Structure formats: structure tokens, C-alpha cells
Amino acid sequence: MPEITLHVNGREHRLDVPDRMLLTDALRGRLGLTGTHGGCEHGVCGACTVLLDDRPVRACLILAVQADGHRIRTIESVAPSEESLHPVQEAMRDCHGLQCGFCTPGIVMSLVALHEQDVRPDAAEIGEALSGHLCRCTGYRNITAAAHRALGCPAPAATPAAETARPDTDDAHEGAGR
Ligand code: FES
Ligand code: FES
């Protein structure tokens with residue numbers, strides 16, 4: 001079993017991992033970082049997105065051994081303290097950009113990567129960043145509004161919480177790509 005070194009959220013971890021262990025499973029099962037979610041496990045839903053050397057990647061498409069020596073950041077590293085949130089997290093909360101929250105950590109990680117770039121993205125770039133994320137609850141309207149707010153891009157208005165699409169509405173079904 002190979003020994004690898006993962007630099008996760010500013011801490012170094014030495015792990016013995018099976019050759020075929022996914023990075024998702026190493027983060028969740030070995031390091032207890034369960035904020036990184038495993039959904040489809042074949043690169044479609046984006047729930048497992050983490051930052052690898054500051055770039056968003058799908059942890060279900062990377063073997064733990066391939067991350068050997070690399071810097072990884074997960075959702076657990078994003079908030080600056082127990083009492084405060086990252087601007088992306090604040091925008092997701094304020095714009096009601098989540099319901100069950102399963103997709104949320106992955107979306108936040110993709111938007112954090114964009115937030116850290118020294119440019120103000122336009123709507124197309126935000127759409128591109130969100131395009132790899134599936135949400136089965138919200139219909140994407142409020143997620144998009146949150147992204148625009150966090151990234152300083154003129155945005156479509158968020159939908160008030162009471163009007164947010166429910167899973168059984170047409171809006172939600174469209175958003176889920178069904
Ligand atoms: S669990 Fe990785 S993309 Fe869906
Ligand atoms: S908030 Fe439930 S899957 Fe996105």
C-alpha cells in the first residue's frame with residue numbers, strides 16, 4: 001500500500017492508501033472531512049469539488065495517490081472562523097442559494113476559486129463555473145444570484161425564501177437537467 005502525503009487545509013497528513021482509493025474517500029474516510037460530498041462518483045454532479053493547488057477539481061475523479069504532495073482545500077477551510085463566513089457562503093445564505101445543502105460545498109468551492117482570481121467575472125464566466133454542478137432542489141436561480149453577489153457581478157434578483165422552487169416544481173426539474 002503506497003504511503004502518500006496530502007497537504008489538506010494547511011495541515012500535512014501521511015497516509016497509507018490502497019492504489020485505487022479515491023481522493024473523496026481519503027478525505028472523508030481517512031481524514032474525517034465529510035463536508036466533501038460523494039454523489040454520482042463519476043464526475044457529473046460536482047458535489048465532491050475541492051481545490052487542488054487552488055484549482056477546482058472533482059475529488060471522485062482523482063485517486064488519492066495522484067494527489068500525493070499536492071495542496072488540497074476542502075469546504076472545512078473556507079470560513080475564516082467559527083463565527084464568520086466566507087463572502088461566498090454569506091451570499092449563498094443571504095440569497096437562499098441552498099435547500100438540502102448536498103450540492104452546496106462543491107458549489108462554494110468552485111465559487112471560492114473564482115473569488116480568489118484577481119478579476120471580476122462576468123455572467124458567462126459565472127455560468128461556466130456553475131455549469132459543472134447539479135442541484136436537485138433549488139432550480140439554480142438563487143445559486144446564480146448568490147454567485148453574482150459574491151463575485152461583484154450585476155445579478156438577477158434572488159427569489160425570496162418562500163418562493164424558492166420546490167423539488168416538485170417545473171423550475172426545479174428544469175434546473176436538475178431533467
Ligand atoms: S461525486 Fe464527484 S462529480 Fe459527483
Ligand atoms: S440544495 Fe439540495 S441538491 Fe442542491
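Me: Where is H86 found, between which strand and which helix?
Reply: H86 is found in the loop between β5 (71–73) and α2 (87–94). Here helices (H or I, at least four residues) and strands (E, at least two) are DSSP runs, numbered from the N terminus. A word on the basis: this is a predicted model, where local features need pLDDT of at least 70 and side-chain atom pairs count only at pLDDT 80 or more, while totals for chains, interfaces and linings use all residues. Residues are numbered from 1 along each chain as its sequence is written, and side-chain values use heavy atoms, with hydrogens and water left out.

Me: Why is H86 called buried?
Reply: Buried means under 20% relative accessible area, with exposed over 50% and partly exposed in between (1.4 Å probe, protein chains only). H86 has 11% relative accessibility, so it counts as buried.

Me: And which residues does H86 touch?
Reply: Leaving out residues up to four places away in sequence, H86 touches V78, A79, P80, V112 and H115. Contact means heavy atoms within 4.5 Å.

Me: Why is G139 called buried?
Reply: The relative accessible area of G139 is 12%, so by that cut-off G139 is buried. G139 is found in the loop between α4 and α5 (141–150). G139 and L98 are 41 residues apart in sequence, yet 9.8 Å apart in space, C-alpha to C-alpha.

Me: What is the volume of the largest pocket?
Reply: About 240 Å³. Of the 13 residues that line this pocket, P56, S110, E128, A129 and H133 are the closest to its centre. On a 1 Å grid over the protein atoms alone, a pocket is an open set of points with protein on both sides within 12 Å along at least five of seven lines, whereas in a cavity a 1.4 Å probe fits but cannot get out; lining residues have an atom within 4 Å of a point. The volume is the space filled by probe spheres set on the points, which are joined across faces, edges and corners.

Me: How do you know that the second largest pocket lies between domain 1 (3–77) and domain 2 (87–175)?
Reply: Both domains give residues to its lining, so the second largest pocket lies between them. The domain bounds come from an automatic or database domain assignment. The second largest pocket holds about 190 Å³ of space. Among its 12 lining residues, C45, F102, L134, C135 and R136 are the closest to its centre.

Key:
Chains are lettered from A and ligands numbered from 1 in the order in which they are written.
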